[in-house]
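Reader: I would like to examine this structure by way of specific questions. Please show it, and let each answer close on the value or name requested.

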Amino acid sequence: MIKSRKESRRWIKRVWQHKMFYFFMLPGLIWFFIFSYVPLYGIQVAFRDYTFSGGFTGSPWAGLKYFQQFFNYYQSGDIIRNTVVISLLKLLIGFPMPIILALLLNEVRKIRFKKTIQTLSYLPYFVSWIVVVTLMQRLLTPYGGPVNELLGAFGADPIQFLNNPTWFYQIIVGSEIWKNIGWNSIIFMAAIAGIDQQLYEAAKIDGAGRYRQMWHVTLPGIRNVAIILFILAVGNLMSAGYEQLLLLNGPATASIGSVLDVHAINSGIREGRLSYAAAVGLFQSVIGLILILTVNRIARKISDVSLF
Amino acid sequence: MNRRWSVFSVVNYTLLTLVGFAMIYPFIYILAYSLNDGKDSMQGAIYFLPRKFTLENYAQVFDNARIWKAYQITLMRTVLGTFLHVTLCTLMAYALSKRTLPGRSFFTFYIFLPTIFSAGFIPFFITLQKLQLINTFWVYIFPLLYNFMHIIIIRTFLQGIPEELEESARIDGYGDFQIFLKIILPLSGPVLATISLFIGVAHWNDWFAGAYYVSNKDLIPVQTLLQEMLSEAEALSNSMQRAAQQGGQTVGSVSGAGATPESLRMALLVITVFPILCIYPFLQRYFVKGVMIGSVKG
């Protein structure tokens, strides 16, 4: 940090020249401090007996008490398992779907048709989970819902889809895909559009048909994007989607549907056990961080593509 | 064109048509349901068009004081929240787009760091409590003032504006703020539209804050109202419908006209979804670009 006087004077001059830009940034710097860094500092309530008057730093020290409480809770094993199972299902089934959609759309030559399908596929992304769940309730109800009426036309008995453990995971994964497939395909469409057309020409000359071109040119072309998005998705493995699960999980499905996020929100905000809930949340964040770092490293070793 | 390709083509078009149908059909269905007489709808068998057309459901929804209030809250937070978010993020992005700004990479890292490791709900909630934002209208606004990804998207866009434009404006005697207002802003239409859509939709769709940070009934937005109706409505409509479908006098008891909680709920849903449906297709060109920048830089 030792600078010559001339250098530091020049630096100060440059800062002064940019004073207006610091002024533009100032509210943002304060905002990020209050809404991001103060909560980060506040993570310590997980190690304290939080009281409102004591706040982040004044509440008495509790050590690992709340972590023990969580791991001794008879359902904690279930909750962790459910979180991982639901995230994995979403990842394994949900992740390839936008890629498949992008590949199929890419083969369409009629531009108007392609644009229409794309526009329609973005629609569910723009509505809230409340709307999605309300739609599902209405469409899937065994009492006069169109889906069950269709099934009935084929002679099937009405099915109780919601609040039913048998259908719970299908509903969770299905609604997740329905809501996000179009939106998530945007980035893959962009990656496909960025592939050098000469590669296709070369493949054609080598006698490759549609499928071989897809396999040898298109898929490798979107590989890097897919790896990056996969790393990010694995980093989120410990959060199974709290909005969706807050709304779709009920008493009937609790044993397979309780997840970490929802457990933290309910025990913290609803029951007021803030320190306990903060401990659950911290556990979740730390595992998430470890996951993302691990997958990032593996990806870098195997494929030379990594997030950071 | 060989034969195998045309088989593929047929399958592909069929598949994609089904996808498109699956995306739009639920909305067609609730539109039909909301335009149909509530009691009549309980017999089921409504698919694309209302059977017994009525505007009664909408009339009752618009007549409901609580729904009006909630709609006002949603509109207010969306308009105010979007305006503030876009203004503040753009100012910050403009500063960060200056390559000559001392400390630029430090500030970028400063706003990036919280995206890798978040504190979780509870410390955030406690912060809101300490700021005395809980149970006020401002709990909808303040937490959504900035967003790292949005700042980066705007910054990337601004960096594409030729610097000569600014230089010549500076020679004409414009100050930094004037350049921002008269040169930068008018050229940023597409990216501002994109970010407005993103944040506007986030405000419009947020039910969580209303459900967990607010208990005052006058401050509940529409989405939270819908959420409160979820569980009530399901139980109610199922039992009504069960009664309607069983019991010999089915036709007699359901043939009366009038709205039901379920038909009102569908009307409310249509009103909630409609504004978004009208806006997003027109911004498609822009937000597709925004998503690309966001993911490349992220």
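Reader: Does H18(A) count as buried, partly exposed or exposed, and which class applies?
Author: In this predicted model, H18(A) sits in the loop between helix 1 (5-17) and helix 2 (19-41) of chain A. The relative accessibility of H18(A) is 7%, and the buried class holds residues under 20%. H18(A) therefore counts as buried.

Reader: Is T100(B) buried, partly exposed or exposed?
Author: T100(B) occupies the loop between helix 4 and helix 5 (104-116) of chain B. Not counting residues up to four places away in sequence, T100(B) touches R14(A) and H18(A). Its relative accessibility is 44%, and the class between 20% and 50% applies, so T100(B) is partly exposed.

Reader: How many helices and strands does chain A have?
Author: Of the 308 residues of chain A, 51% count as buried. The contacts of chain A between residues at least 6 apart in sequence include 64% that join residues at least 24 apart. As to secondary structure, chain A has 17 helices and zero strands.

Reader: What radius of gyration does chain A have, beside that of a compact globule of 308 residues?
Author: The C-alpha trace of chain A spans about 70 × 60 × 40 Å along its principal axes. A compact globule of 308 residues would have a radius of gyration near 19 Å. For chain A the value is 25 Å.

Reader: How many helices and strands does chain B have?
Author: In chain B, 51% of the 298 residues count as buried. Among contacts of chain B between residues at least 6 apart in sequence, those joining residues at least 24 apart make up 73%. The secondary structure of chain B consists of 15 helices and zero strands.

Reader: Where in chain A does UniProt list "domain: ABC transmembrane type-1"?
Author: The record is an unreviewed entry. In the model, the span it marks is 76% helix and 0% strand, and its end C-alpha atoms lie 20 Å apart. The residues listed by UniProt for this domain are 80-295 of chain A.

Reader: Where does UniProt place the feature "transmembrane region" in chain A?
Author: Among the spans listed, residues 21-43 are 91% helix and 0% strand, with end C-alpha atoms 32 Å apart. Residues 84-108 are 88% helix and 0% strand, and their end C-alpha atoms lie 37 Å apart. The unreviewed UniProt entry places the feature at residues 21-43, 84-108, 120-140, 221-242 and 276-295 of chain A.

Reader: Which residues lie nearest the centre of the second largest pocket?
Author: This pocket has a volume of about 850 Å³, and its lining comprises 35 residues. Elements giving two or more residues to that lining include helix 10 (165-193) and helix 14 (242-248) of chain A, together with helix 13 (222-245) of chain B. By class, the lining has 19 nonpolar, eleven polar and five charged residues. Nearest the centre of the pocket lie L245(A), L246(A), N249(A), G250(A) and P251(A).

Reader: What is the phi of N163(A)?
Author: Most residues other than glycine have a negative phi. N163(A), in the loop between helix 9 (146-153) and helix 10 of chain A, is partly exposed, with a relative accessible area of 35%. The phi of N163(A) is positive, near 55 degrees.

Reader: What is the phi of N135(B)?
Author: N135(B) is placed in the loop between helix 6 (121-130) and helix 7 (138-141) of chain B. With a relative accessible area of 30%, N135(B) is partly exposed. Although N135(B) is not a glycine, its phi is positive, at about 65 degrees.

Technical notes. Residues are numbered from 1 along each chain as its sequence is written. Chains are lettered from A and ligands numbered from 1 in the order in which they are written. This is a predicted model: local features need pLDDT of at least 70, side-chain atom pairs count only at pLDDT 80 or more; totals for chains, interfaces and linings use all residues. Side-chain values use heavy atoms; hydrogens and water are left out. On a 1 Å grid over the protein atoms alone, a cavity is a set of points where a 1.4 Å probe fits but cannot get out, and a pocket is an open set with protein on both sides within 12 Å along at least five of seven lines; lining residues have an atom within 4 Å of a point. Grid points are joined across faces, edges and corners, and a volume is the space filled by probe spheres set on the points. Helices (H or I, at least four residues) and strands (E, at least two) are DSSP runs, numbered from the N terminus. Ala, Val, Leu, Ile, Met, Phe, Trp, Tyr, Cys and Pro count as nonpolar, Asp, Glu, Lys and Arg as charged, and the others, Gly among them, as polar. UniProt positions are given in the numbering used here, feature names are shortened, and annotations may be inferred rather than shown by experiment. The radius of gyration is taken over C-alpha atoms; the globule rule is 2.2 Å times the number of residues to the power 0.38. Buried means under 20% relative accessible area, exposed over 50%, partly exposed in between (1.4 Å probe, protein chains only). Contact means heavy atoms within 4.5 Å.
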